[in-house]
Amino acid sequence: MKNSKGTWLHILFWTVYVSVNLFTEIYLSQSFINHPGFQLILEVFFGQLFLLIVKMPAVYYVNYSLIPRWLKSPGKGRLFFEAAAALVFFLLCYRAMMHLVIWPFITHSSPGSLTALEFTARLFYSILDLMQVIGIAAAIKLFRLRIEAVKKEKELMREKLQSELRHLKAQINPHFLFNTLNSIYSLSRSHSDATSETVMRLSKILRYMLYETGKKTAPIEEELKIIDDYIELQLLRFGKRVQVKTERSIDNLSAQVTPLLIFPLIENAFKHANSDNTSVIDFKITLKNDALAVQVKNPVAVASVQSNGEEGIGLPNFCRQLELLYRDYTFSHEEKDHYFIVDLHINLVSYAGFELFDSRG
């Protein structure tokens with residue numbers, strides 16, 4: 001199918017080229033203006049067809065031999081002389097076609113003896129006629145090569161971003177799993193009745209990670225459910241040492257967000273909360289007209305994460321995912337008065353993930 005399409009494009013190109021040349025040769029010809037007739041049209045038409053015997057090899061030599069080697073070759077000197085020699089060869093063929101075929105058999109005319117000036121003028125005309133069709137065809141060829149190069153570049157960039165995104169998610173998920181397994185280990189050592197419930201909630205979270213994170217987006221309702229499971233799981237671990245205050249205002253539970261988008265913020269709050277005494281984690285989330293706002297606030301110890309220079313992999317990975325997936329967002333985090341506060345604002349309409357995954361333009 002592709003070869004068939006290419007053949008028809010070649011036929012179309014040469015048909016248009018001959019038609020334009022035929023039109024200009026006839027209707028700009030003083031002979032046709034003074035003595036219009038079908039015989040002159042036939043002469044011009046067959047003259048153009050015979051010249052194609054020279055022009056077509058010249059065009060295909062440049063497009064399918066010279067240009068590919070010119071683009072790949074580091075040294076252009078040899079190819080430059082080859083191109084010059086080829087031009088001289090096709091020019092001689094052009095003049096031979098005019099003198100030996102077209103004039104005696106098509107137009108039934110002879111230019112007779114030519115002066116040096118007339119010969120030079122005809123030679124330059126032949127060069128321009130050849131270079132015109134070669135230049136047009138080469139421009140089309142280079143334009144198509146450029147379009148293909150841009151498509152390949154976009155595809156390589158898309159694959160690179162996909163790989164980077166998968167790598168970032170693969171880092172976050174084991175990070176969470178490591179923390180949770182430590183919790184289950186602690187509960188099992190103390191023979192806690194909460195062990196089985198913890199394993200069940202962990203199973204639900206892992207199932208979500210396994211089947212939903214491969215999707216481009218998911219309803220925010222599902223994201224909130226998995227966050228609730230995670231919070232309950234962590235509260236089983238910390239008991240009364242940690243409390244969670246949640247404020248939610250969602251105008252559309254079907255709004256689409258990237259799976260596990262908010263999850264790292266909650267995970268980070270539990271990871272760095274100061275649980276030596278009773279700690280309160282504030283989790284506020286609002287969604288109005290596709291504008292998502294999330295604030296998570298948790299107390300930290302005096303020797304904070306930032307002061308130790310150990311930010312971990314959670315927030316840096318989260319920031320990088322935001323860069324890859326959304327065009328319009330703000331994210332900030334700070335430690336103030338022994339509280340670690342993160343603020344996230346996203347315009348969900350600015351989701352750019354489809355450009356990473358789709359093959360469309």
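Q: Which residues does Gln48 touch, not counting residues up to four places away in sequence?
A: Gln48 touches Val18, Asn21, Glu25 and Lys55 when residues up to four places away in sequence are not counted, a contact being defined by heavy atoms within 4.5 Å. This is a predicted model, in which local features need pLDDT of at least 70 and side-chain atom pairs count only at pLDDT 80 or more, whereas totals for chains, interfaces and linings use all residues. Residues are numbered from 1 along each chain as its sequence is written, and side-chain values use heavy atoms, with hydrogens and water left out.

Q: Why does Gln48 count as buried, and why does Leu49 count as partly exposed?
A: Buried means under 20% relative accessible area, exposed means over 50%, and partly exposed covers what lies in between, with a 1.4 Å probe and protein chains only. Gln48 has 6% relative accessibility and therefore counts as buried, whereas Leu49 has 33% and so counts as partly exposed. Gln48 lies in helix H3, residues 38-72, and Leu49 also lies in H3; helices here are DSSP runs of H or I with at least four residues, strands are runs of E with at least two, and both are numbered from the N terminus. Leu49 and Val18 are 31 residues apart in sequence, yet their C-alpha atoms are 7.8 Å apart in space.

Q: What makes H3 roughly antiparallel to H4?
A: H3 and helix H4 (residues 77-107) pack at an angle of about 170 degrees, with 9 Å between their axes. Axes are lines fitted to C-alpha atoms, for helices over the stretch in contact, and the angles run from 0 to 180 degrees between N-to-C directions. Angles under 35 degrees count as roughly parallel, over 145 as roughly antiparallel, 65 to 115 as roughly perpendicular and the rest as oblique, so the pair H3 and H4 is roughly antiparallel. The residues of this contact divide into 22 nonpolar, two polar and five charged, where Ala, Val, Leu, Ile, Met, Phe, Trp, Tyr, Cys and Pro count as nonpolar, Asp, Glu, Lys and Arg as charged, and the others, Gly among them, as polar.

Q: Why are H7 and H8 called roughly parallel to each other?
A: The axes of H7 (residues 220-238) and H8 (residues 263-272) come within 10 Å and cross at roughly 10 degrees, and H7 and H8 are therefore roughly parallel to each other. Residues of H7 in the contact include Ile227, Tyr230, Ile231 and Phe238, and those of H8 include Phe263, Ile266 and Phe270. By class, the contact has nine nonpolar, one polar and two charged residues.

Q: How many Å should the 19 residues of H7 span, and what distance between its end C-alpha atoms is found?
A: The expected span is 1.5 Å times one less than the number of residues; for H7 this gives 27 Å, and its end C-alpha atoms are 27 Å apart, so the two agree. Just after H7, Gly239 takes a positive phi of about 65 degrees.

Q: Why is Leu260 called buried, and why is Asn289 called exposed?
A: Leu260 has a relative accessible area of 12% and is therefore buried, whereas Asn289, at 63%, is therefore exposed. Leu260 is placed in the loop between strand E3 (256-257) and H8, while Asn289 lies in the loop between E4 and E5. Most residues other than glycine have a negative phi. Leu260, not a glycine, has a positive phi of about 60 degrees, and Asn289, not a glycine either, has one of about 55 degrees.
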